[in-house]
Amino acid sequence: MKTIAIVGGGFSGTITAINLARLSSTPLQITVIDKNRLPCRGIAYSTRNIGHLLNVVARNMSALADQPSHFVDWLGTRSEYLDEPAAALRERFVPRRIYGDYLQSLFQWYSKSFASERHSRLEYIQDEARDIFLEEHRACVSLASGGMMMADTVVLAAGNQAPAPFRLRGLNLDSPKYIANPWLGWEEKLPPRDQDILLIGTGLTMVDAFITLQGLGWRGTIYAVSRHGLLPLSHFKGFEYPDFLGENDLPIGLRKACAIFKRHCRAAAARGLNPAILVDKLRPLTQRAWQGFTLFEKKQFDRHCRTRWNVARHRIAPEIHQQLSEAMAQGRLQVFPGRLRECGESGDKMKIWIDSAGSARAIEAAAVVNCTGPRERCVPSESLLFNNLFSRGLIQPDEMNMGIKAAPDFSVVDGQGRSSRILYALGAVLKGTLWESVAVPELRSQAFRLAEHIAGHLADEDAEKSSIAEVMEDVIEYSI
């Protein structure tokens with residue numbers, strides 16, 4: 001029986017495992033390895049806060065690429081949605097913890113049916129992969145618990161990295177007033193609820209932190225600062241807009257792409273339409289457009305365009321946007337652009353000096369929270385596993401150093417430029433290669449295509465072995 005190890009138990013790893021169970025015609029041992037004690041949820045869907053909502057409506061959140069209504073159908077079986085009309089349910093922004101229930105229930109279902117129908121095994125183990133050694137045509141995965149696991153195929157689906165340490169003159173990263181990661185147990189480090197707090201960053205991570213603080217009944221002022229001071233846009237009801245870029249127009253340079261985009265932004269605004277629709281129209285072509293850019297163009301986009309692109313691309317539920325707007329109108333949340341210049345501590349406060357709108361201002365806060373989002377530089381990595389693989393040349397960073405380099409079939413490219421037949425990768429680690437590689441619609445497609453490739457490769461191997469065995473039987477029979 002072939003063994004497949006999947007490193008990472010968030011969305012990408014979980015759905016890859018499920019698709020392998022669905023698509024493989026041969027018996028498999030599939031093991032998902034993740035240190036999270038909540039199976040199949042990753043960081044995003046491990047939240048218990050009912051106020052943390054999906055950023056996409058339910059109709060677009062099926063985990064199965066070939067069954068687009070799967071999530072909505074599953075939602076309809078839950079007691080809290082039994083009386084909701086199907087049309088309304090499709091447009092609902094569901095709590096992320098419920099989506100975590102969905103992923104875990106899918107995994108449990110297929111682990112049982114897979115075992116009974118295929119005489120195979122699908123399992124989740126709470127552990128951490130620390131290193132991978134290649135031996136002949138197999139891999140040995142070294143675990144933090146001290147164990148070893150042999151596998152014929154290893155899939156790297158590690159997900160997003162934790163936020164990078166924030167660099168600011170005078171900031172003591174070990175100070176109890178500095179919260180480095182607002183995703184794991186950070187609520188325990190918060191000061192009393194009547195104290196002021198500073199959130200560094202104004203993107204999706206800041207929004208999550210604000211919702212958490214609001215759920216705690218925060219009474220102090222919440223400050224949020226970033227270079228541009230831009231909040232994610234709200235989702236809106238879609239409308240018809242003609243395609244303005246097609247498959248045959250690619251590849252296209254960054255300068256021309258920006259000129260086309262600006263022209264249509266002006267046209268949409270002149271018609272009273274939300275220009276953010278243009279980002280949606282480009283969604284099916286974003287990966288191809290990105291891959292057609294030169295390295296210089298990618299770096300230019302990353303430096304000059306990414307902030308405004310992300311504001312329009314990664315929109316939030318209207319009800320979440322309304323909560324932000326109301327808190328800002330009441331002064332409970334103050335969002336502004338600026339560059340953090342210096343930090344100092346005095347007693348139970350941190351004092352942060354900020355250059356904002358051409359003048360300097362100082363904020364005193366009882367806590368400073370790093371809400372800058374996932375670290376995107378891959379070398380050096382926060383992951384011991386990736387650092388070990390980089391050091392031995394089993395993987396190499398992509399040209400943007402946002403993740404690891406992989407071939408179109410998701411096979412990892414090693415330090416010598418060779419595509420592996422054992423190691424594969426998908427998800428956030430491919431952002432530098434694909435740019436669009438963090439949202440469910442793209443990830444479920446990757447997981448399906450990768451599972452198809454691995455299942456087909458294993459089936460070909462079995463067929464080849466069967467053919468060889470038949471030939472040898474004929475030879476033996478002839479010899480006798």
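So, helix 10, residues 306–313, gives the most to the lining of the largest cavity, with three residues. Helices here are DSSP runs of H or I with at least four residues, strands are E runs of at least two, and both are numbered from the N terminus. Before I go on: this is a predicted model, where local features need pLDDT of at least 70, side-chain atom pairs count only at pLDDT 80 or more, and totals for chains, interfaces and linings use all residues. Residues are numbered from 1 along each chain as its sequence is written, and side-chain values use heavy atoms, with hydrogens and water left out.

Okay, back to that cavity. On a 1 Å grid over the protein atoms alone, a cavity is a set of points where a 1.4 Å probe fits but cannot get out, while a pocket is an open set with protein on both sides within 12 Å along at least five of seven lines; lining residues have an atom within 4 Å of a point. The structure holds one cavity of 30 Å³ or more, and the largest has a volume of about 50 Å³. Grid points are joined across faces, edges and corners, and a volume is the space filled by probe spheres set on the points. Who lines the cavity? Trp309, Asn310, Arg313, His314, Lys431, Trp435, Glu436 and Val438 do.

Now the second largest pocket, with about 740 Å³ of space. Its lining takes in 28 residues, and Cys258, Phe261, Phe301, Cys305 and Trp309 lie nearest the centre. Helix 6 supplies the largest share of that lining, seven residues.

Next, the backbone. Most residues other than glycine have a negative phi, and most peptide bonds are trans. Where are the cis bonds I want to show you? One runs from Leu250 to Pro251, with omega near 0 degrees, and Pro251 sits in the loop between strand 10 (222–226) and helix 6. Another joins Val379 and Pro380, with omega about -5 degrees; look for Pro380 in the loop between strand 15 (367–370) and helix 12 (384–391).

Last, positive phi. Cys40 has phi near 70 degrees and lies in the loop between strand 2 (28–34) and helix 2 (70–75). Glu136 has phi near 55 degrees, in the loop between strand 4 (129–135) and strand 5 (138–143). Buried or exposed? Buried means under 20% relative accessible area, exposed over 50%, and partly exposed in between, with a 1.4 Å probe and protein chains only. Cys40 has 1%, so this residue is buried, whereas Glu136 has 76%, so that one is exposed.
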